[in-house]
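Please examine the sequence and the structure shown below.

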Amino acid sequence: MHMHTEIGRNRTGAQMSPILTAEMQDGEDEAPILPGADGQPERADLAMKLDYARDADALGSVPPPATLTGVVKSGVDMVTGKRPQVLIDKLGERLAFERGGVRLYDALLVKCASADGAGLGAEEIQTLERFRQEEAAHFALVADVLRDLGGDPTAQTPCADLVGVESAGLVQAMNDPRTNLLQGLHVMLDAELIDNASWELLIELAEAAGHKAQAERLQTGLQQEAVHLQTLRSLVARLTLEDAGALPATR
């Protein structure tokens with residue numbers, strides 16, 4: 001595994017071929033133009049995307065409650081003008097993301113092993129292992145809260161579907177054997193930034209829906225995710241500065 005950023009035979013930049021770059025830029029003007037709905041010119045590719053967006057079905061739906069508890073709780077919420085399906089959808093989202101978080105940490109720990117300890121100390125690797133276990137515990141926590149509200153943790157809600165597609169790029173980047181430990185930590189930092197913001201919104205949504213007990217249970221996840229985020233920020237910053245020669249290597 002390559003642990004440092006190197007200068008090599010990279011020919012991807014436009015400056016490496018100014019003649020071909022100019023030809024490519026000239027070709028941009030040849031893109032077909034169609035009249036838009038307002039009579040203004042519109043690029044054909046954008047018009048096609050707009051047509052698809054107008055004709056597309058919804059990403060999915062939240063299943064109706066399958067238990068008596070769920071029917072009762074949803075009915076009470078609806079009578080008061082609330083839309084309980086939004087909270088169920090967001091709980092499904094966190095379930096999907098936490099499941100993916102476990103897999104990301106598993107892949108990150110493989111990079112730690114392949115780096116033969118370079119960059120991180122034994123205690124730091126143990127911290128990452130703890131984070132992996134906490135992600136799994138967060139999955140179980142959200143599943144329990146969903147059941148408390150009468151939801152089905154095995155259902156694929158629209159937002160769960162969405163984050164599955166979103167996180168596919170993170171999983172692909174992490175599992176790419178060419179990415180090194182620092183790059184893997186950067187991927188994990190991206191995931192933790194999303195995770196922290198999503199936990200905050202989830203708790204706010206649960207409180208707004210009147211589910212105070214469930215919101216308090218979810219606080220544990222938010223508190224631990226905040227530690228994950230701060231730790232990943234520190235690790236990425238330190239190893240990046242070491243790679244740049246701005247800090248002496250600690251390992």
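**A glycine in helix 7**

Gly184 lies in helix 7, where helices (H or I, at least four residues) and strands (E, at least two) are DSSP runs numbered from the N terminus. This is a predicted model, in which local features need pLDDT of at least 70, side-chain atom pairs count only at pLDDT 80 or more, and totals for chains, interfaces and linings use all residues. Residues are numbered from 1 along each chain as its sequence is written, and side-chain values use heavy atoms, with hydrogens and water left out.

**Surroundings of Gly184**

- Gly184 is buried, with a relative accessible area of 1%; buried means under 20% relative accessible area, exposed over 50%, and partly exposed in between (1.4 Å probe, protein chains only).
- Residues up to four places away in sequence set aside, Gly184 touches Leu108, Lys111 and Met174, a contact being heavy atoms within 4.5 Å.
- Between Gly184 and Tyr105 there are 9.3 Å in space, C-alpha to C-alpha, although the two are 79 residues apart in sequence.

**The chain as a whole**

- The chain has 8 helices and 2 strands.
- Read from the N terminus on, its elements follow the order α-β-β-α-α-α-α-α-α-α.
- Of the 251 residues of the chain, 36% count as buried.
- Among contacts between residues at least 6 apart in sequence, 77% join residues at least 24 apart.

**Packing of helices**

- Two packed helices are described by the angle between their axes and the distance between the axes.
- Axes are lines fitted to C-alpha atoms, for helices over the stretch in contact, and angles run from 0 to 180 degrees between N-to-C directions.
- Helix 4 (residues 84-114) packs with helix 7 (residues 181-208) at an angle of about 160°, and their axes are 10 Å apart.
- Helix 4 and helix 7 are therefore roughly antiparallel to each other; angles under 35 degrees count as roughly parallel, over 145 as roughly antiparallel, 65 to 115 as roughly perpendicular and the rest as oblique.
- The crossing of helix 4 and helix 7 is left-handed; this term applies if the near helix is turned anticlockwise from the far one by less than a right angle, and a crossing is right-handed if clockwise.
- The contact of helix 4 with helix 7 has 19 nonpolar, 3 polar and 7 charged residues; Ala, Val, Leu, Ile, Met, Phe, Trp, Tyr, Cys and Pro count as nonpolar, Asp, Glu, Lys and Arg as charged, and the others, Gly among them, as polar.
- Helix 7 also packs with helix 8 (residues 212-243), their axes coming within 8 Å and crossing at roughly 155°.
- That angle makes helix 7 roughly antiparallel to helix 8, and the crossing of helix 7 and helix 8 is left-handed.
- By class, the contact of helix 7 with helix 8 holds 18 nonpolar, 6 polar and 7 charged residues.
- The axes of helix 5 and helix 8 come within 10 Å and cross at roughly 155°, so these helices are roughly antiparallel to each other.
- Helix 5 passes helix 8 in a left-handed crossing, and the contact of helix 5 with helix 8 has 9 nonpolar, 7 polar and 9 charged residues.

**Two residues of helix 5**

- His138 lies in helix 5 (residues 122-148) and is buried, with a relative accessible area of 1%.
- The side chains of His138 and Glu225 are joined by a polar contact of 2.8 Å; a polar contact is a pair of N or O atoms within 3.5 Å, of which, within protein, one must be able to donate a hydrogen and the other to accept it, and residues adjacent in sequence count only if both atoms are side-chain atoms.
- Apart from neighbours within four places in sequence, His138 is in contact with Glu98, Trp199, Gly221, Gln224, Glu225 and His228.
- Ala140 has its place in helix 5 and, at 37% relative accessibility, counts as partly exposed.
- The C-alpha atoms of Ala140 and Glu98 are separated by 9.2 Å, with the two residues 42 apart along the chain.

- Ser167 is found in helix 6 (residues 158-175) and counts as buried at 14% relative accessibility.
- A polar atom of the side chain of Ser167 lies 3.4 Å from the backbone oxygen of Gly164.
- Leu59 is found in the loop between helix 2 (44-55) and helix 3 (68-79) and is exposed, with a relative accessible area of 51%.
- Leu59 touches Pro158, Asp161 and Leu162, not counting residues up to four places away in sequence.
- Leu59 and Asp161 are 102 residues apart in sequence and 7.7 Å apart in space, C-alpha to C-alpha.
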